[in-house]
Amino acid sequence: MCNSIPAAMKDQKSFEVIVQDCTPERKEVVDKLVQRSEARIAEMERKKYEKDTRASVYEQTDYFNVTFNYQKQQIESKLLNAQNVDKNNLISYFDEIVRDFQELQKFLSDSTLFLPTYDIKKGQESLKVLQDEIQASQNDLIPKKKFAFKNKKKIPNGIKVPTCPEKVQPNNIIEPLSTVKLCQCGFKDMSDQNLVKFRGEIEKQDVGLHHLKNCTVHLYGAPSTIFISGLTNCRIFAGPVSTSVFIENCRGCTFVFACQQLRVHSCVDCYFYLHITSRTIIEDCKELYFAPYNWIYDDQDEDFIISGIDKTKNNWDSIDDFNWLVIGTPSPNWYFLDVEKYQTWS
């Protein structure tokens, strides 16, 4: 008669026996109850997974905040103590401070994969304030050079190669931090240029590309991290990036690179040709198009080895949109580029 079915649902074998004794009409009712029960269980498991995932992110964020603030306080303490350092030792003392500052920058860039946008911006603002404090203390305690001469590099075909700020060396005057910004080398505030960096300049270095318009950039080698912001109608080609690429506020650009992690913020009408070993994360973006990495240059295999990126693993088609959490429905903010529209590069 199926009267005990709800209780029997707790025991699968008993439930199957009871269902067999049911009339077709009652069996249909039971089937609906089972489907409803399975749907509830699936929904509970999904919510539990989301809760566990959020907890993991919160734990990572807490660790970042504690570590970031501690390292920042260590640098601030060294700045306060700079006035007590012998003048003959000030240069090497500031060398150490700058290295600590750059390590803190790298820690922030490596954490962008899981940090909320608010924490990223807060970290960047803290770094800017700290950078200004270091520069001001350095200017007060160390005399500036009266003259500085630099040789500009030129190569054929109109490609311009601005010189990266030299690395900090003991017993030399420290380069102003205003030339470092978020990285030691890169390009900024340029238009209508063909720009290039070679392996010896960018290998294991952080590279910054900021406020470029109608530019084509080639980065040959294996940089550590790439920061990109404020680009318009640019094409960026890069070898394998050892850690992450962070892109924000770009429009009408094409990005062709390999990396471990990619996070994209506030970008519109951009194309990505990727080789990536994790999932791409986008936020506040529209009209993004994705395709597999297809740029080839001499000695590229060596750069993949240096970067540690697995050439056999490419998750170019795995994209998470933080602004689209509807399960089972694709995000309207990004698309796979049709194969017939793939571009090829010389």
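**Close-up views of salt bridges and a polar contact**

**Figure 1. A network of salt bridges links Lys78, Glu96 and Asp100.** The views in this and the following figures are taken from a predicted model. Aspartate 100 counts as partly exposed because its relative accessibility is 27%.

**Figure 2. Lysine 72 and glutamate 76 form a salt bridge between their side chains.** The N to O distance is 2.8 Å. Both residues belong to helix H3 (residues 24–81); because they are 4 residues apart there, about one helical turn separates them. Glutamate 76 has a relative accessibility of 24% and therefore counts as partly exposed. As a general point, side chains of opposite charge can pair when their charged atoms come close.

**Figure 3. A salt bridge joins aspartate 303 to arginine 199.** The closest N and O atoms of the two residues are 2.9 Å apart. Distant parts of the chain are linked by this pair: aspartate 303 lies in helix H7 (residues 300–307) and arginine 199 in helix H6 (residues 199–202), 104 residues apart. Aspartate 303 counts as buried because its relative accessibility is 0%. Arginine 199, at 23% relative accessibility, counts as partly exposed; the limit below which a residue is buried is 20%.

**Figure 4. Arginine 263 makes a side-chain polar contact with histidine 265.** The contact between the two side chains spans 3.1 Å. Arginine 263 is located in strand E9, which covers residues 254–265. With a relative accessibility of 2%, arginine 263 counts as buried.

Figure 5. Of its 346 residues, 42% are buried. The protein exposes about 20,100 Å², of which carbon and sulfur atoms supply 51%. Among contacts between residues at least 6 apart in sequence, 45% join residues at least 24 apart. The structure contains 9 salt bridges, including the pair formed by lysine 72 and glutamate 76 and the pair formed by aspartate 303 and arginine 199.

Technical notes
Residues are numbered from 1 along each chain as its sequence is written. This is a predicted model: local features need pLDDT of at least 70, side-chain atom pairs count only at pLDDT 80 or more; totals for chains, interfaces and linings use all residues. Side-chain values use heavy atoms; hydrogens and water are left out. Helices (H or I, at least four residues) and strands (E, at least two) are DSSP runs, numbered from the N terminus. Buried means under 20% relative accessible area, exposed over 50%, partly exposed in between (1.4 Å probe, protein chains only). A polar contact is a pair of N or O atoms within 3.5 Å; within protein, one must be able to donate a hydrogen and the other to accept it, and residues adjacent in sequence count only if both atoms are side-chain atoms. Contact means heavy atoms within 4.5 Å. Accessible areas come from the Shrake-Rupley method with a 1.4 Å probe; for residues, only the protein chains shown count as cover. A salt bridge is a side-chain nitrogen of Lys or Arg within 4 Å of a carboxyl oxygen of Asp or Glu.
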